[in-house]
Amino acid sequence: MSSPPKVEPYIPASRSLPELTVGVIILGALLSVILAGANAYLGMFAGMTVSASVPAAVISMAILRMLRTGNILQNNVVQTAAASGEGLAAGVIFTLPALVMLKGADGEPIWHTFSYVETTMIAGFGGVLGVLFTIPLRRALIIDQPLQFPEGLATAEVLKAGAEGGGGVGVLVIAAIVGVVSKLGSTGLRLWAEVIKLGGWIKGGGSTIAAGAKAGAAGTKVPFAFGINASPALLAVGYIVGLNVAAVIFAGAVLNRLVAVPLYSAFGDAASQIDPDSMKDPTEMAEAIHGHVTRYLGVGGMLVGGVWSLFKLRRSLLGGITAGLAAYKRAREGGADSVPRTERDMPMNIILILIGVSVIPLFFIFWHFTDSWWISAVMAIVMIVAGFLFSAVASYMAGLVGSSNNPVSGITISTILVAAGLLFGLGLRAPAGPIAAILIGGVVCCAAAIGGDNLQDLKCGQLVGSTPWKQQVMQIIGVVVAAFAMAPILNLLNNAYTIGSKGLPAPQAGLMSAVAGGVFTGDLPWAFIGIGAAIAVAVIILDIMLEKRGSKIRVPVMAFAVGVYLPFELNVPIFLGGVIAHLISRAVKRQGGDAERHGEVERMGLLAAAGFITGEALLGIGLAVPVAAMHDENAIALITTPYTGYELPSFLLVIGVLYLLYRLALTRPKSA
């Protein structure tokens with residue numbers, strides 16, 4: 001990859017504006033708790049959370065404008081705190097509910113309720129560690145690496161448009177309205193399908209390929225299925241990351257869905273993982289095989305890809321730490337003015353002290369569960385090492401595909417696999433072993449989720465000219481206030497709906513429970529994890545060869561592994577968005593556009609992409625309210641029967657959004 005261009009912040013380092021004020025801190029803390037609660041329910045109910053950066057920025061601008069106060073930097077620190085609450089919710093709900101599902105030696109759940117002290121400490125200290133780990137990563141991933149951080153870019157464009165007004169606001173508003181209408185029509189009113197699904201069965205003597213084809217005569221049921229999520233936000237993410245990364249992600253998805261799934265269903269023991277006879281639709285069977293088996297190819301790929309990415313980033317990571325220490329030394333010797341405002345992180349000595357303070361209470365929690373001080377010490381060491389490494393991996397992947405598409409659950413599975421394997425080797429057995437692995441996974445998942453979200457926010461801060469240490473303080477505030485609210489929220493939801501039931505399935509936590517127990521019983525698809533690791537090695541070799549040849553095309557291994565792990569239908573719109581970005585670039589070249597015109601197109605395209613993300617994310621959080629109140633995913637639906645066939649309205653929506661993105665990007669600003 002080429003070196004990143006120098007970024008000029010919107011508010012230069014020489015200019016100072018109010019950032020951390022009492023009102024801003026209160027507003028950021030309040031939004032953190034609200035968005036954490038909304039995403040805790042949504043994540044356990046629907047298996048996904050909604051990125052809060054862009055919605056929080058919009059809400060902050062609206063509130064501060066009504067109060068006739070605020071500036072772009074204050075709006076940025078408010079959304080920073082709010083995003084921390086959403087990120088912490090994801091880290092908690094992906095792991096800690098597993099302790100409600102996991103059975104002890106007496107056959108009873110480990111936890112009947114969520115202990116306030118233990119839940120708060122695991123969430124709070126895990127999240128704080130995630131913030132602290134991102135501070136040296138800021139320089140390594142934002143300044144030294146040409147990563148896009150799609151939602152960070154989108155949030156920055158929203159904040160700039162709000163501060164400037166002008167023609168760009170119109171593009172942002174149009175795209176946001178489309179995002180709102182799309183989300184309302186598909187997820188809310190269910191007037192059209194959210195996911196377009198096509199597929200058929202391939203059988204021994206021939207094949208039947210058609211949309212929604214049924215299984216024919218008796219024989220091996222081999223699904224050939226694909227689909228696309230009709231999400232403007234995912235199309236926008238693809239536009240932001242560009243064609244190269246989008247194509248690599250899509251290649252990983254193709255390998256899984258169109259190669260690994262059919263091969264496994266034809267030659268593997270599919271019946272041991274799912275009930276093939278109950279599968280009437282090929283896409284249903286393909287998704288089941290992906291969820292239970294072949295996505296572990298992505299887990300193996302992320303394990304190898306994460307280690308390789310950290311190895312490649314070793315100089316930047318060490319440079320970030322040494323630069324932080326040097327900046328601290330310069331500040332002590334020459335005063336605060338010796339370091340530019342936009343480069344001032346929290347002092348490294350404070351970071352190290354806070355890391356040590358965070359580890360001590362977590363050690364005693366581990367001791368409480370394992371009743372062994374030396375195993376607890378090992379757990380604490382594994383937690384620190386894995387927390388930093390996987391926070392770096394999560395942050396790197398957030399730079400590639402954004403926080404909303406960041407496979408934090410895959411990172412957590414990797415953590416639990418490593419931790420459980422180590423604990424098993426140390427002689428720890430069930431039920432203590434799975435519990436210990438879940439606890440480590442809980443801390444690391446909180447740290448990784450926060451790491452991905454916070455790097456997005458720090459990228460936004462770099463673009464608008466925020467003071468990094470002030471953002472980092474708001475990140476910690478957002479984590480702490482959300483942590484204090486998590487246990488009551490989880491107990492409220494568990495008492496009302498029962499976590500793990502059909503009403504509140506908490507799919508990621510159920511997967512973590514299965515993985516943690518599977519290590520000690522030997523029930524995991526280790527072969528697929530190993531094959532995924534081998535494929536990742538091959539991708540790394542290919543990328544090295546392309547680099548030595550000076551090719552403009554690169555194959556980042558983490559992007560490929562993410563594509564293998566994520567559901568196929570999420571990867572397709574990302575690829576299509578990348579194709580549109582390429583077509584727009586070619587159109588500008590054909591028109592003979594100069595550097596100024598290229599800059600206009602880039603800005604208008606980013607504003608359009610930001611609008612799609614903003615509208616969809618805002619309504620995604622808004623829809624959580626009636627769904628939670630009525631505990632019905634069809635709370636405001638006008639049509640409750642599932643769509644079959646080609647889902648033509650959804651297909652037309654995708655085509656329309658792609659065309660609109662193309663046209664909006666090429667629109668000349670009114671001021672031009």
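**A tour of the cavities**

Start by selecting L255, L297, G298, G301, G532, I535, A536, V557, F560, A561 and V564: they line the largest cavity. A cavity here is a set of points on a 1 Å grid over the protein atoms alone where a 1.4 Å probe fits but cannot get out, and a lining residue has an atom within 4 Å of a point. You're looking at a predicted model, where local features need pLDDT of at least 70, side-chain atom pairs count only at pLDDT 80 or more, and totals for chains, interfaces and linings use all residues. Residues are numbered from 1 along each chain as its sequence is written, and side-chain values use heavy atoms, with hydrogens and water left out.

How big is the largest cavity? Its volume is about 60 Å³, that is, the space filled by probe spheres set on the points, with grid points joined across faces, edges and corners.

Next, colour α10 (282-312), α18 (526-548) and α19 (557-565), which each give at least two lining residues. Helices are DSSP runs (H or I, at least four residues) numbered from the N terminus. The largest share, 4 residues, comes from α19. By class, this lining has 8 nonpolar, 3 polar and no charged residues; Gly counts as polar, and Asp, Glu, Lys and Arg as charged.

Now select T187, G188, L623, V627, E633, N634, A635 and I636, around the second largest cavity. Two or more of these lining residues come from each of α7 (167-188) and α21 (595-630). The volume is about 40 Å³, and the lining splits into 4 nonpolar, 3 polar and 1 charged.

Over the whole structure, the search finds 4 cavities of 30 Å³ or more.

Terms used:
On a 1 Å grid over the protein atoms alone, a cavity is a set of points where a 1.4 Å probe fits but cannot get out, and a pocket is an open set with protein on both sides within 12 Å along at least five of seven lines; lining residues have an atom within 4 Å of a point.
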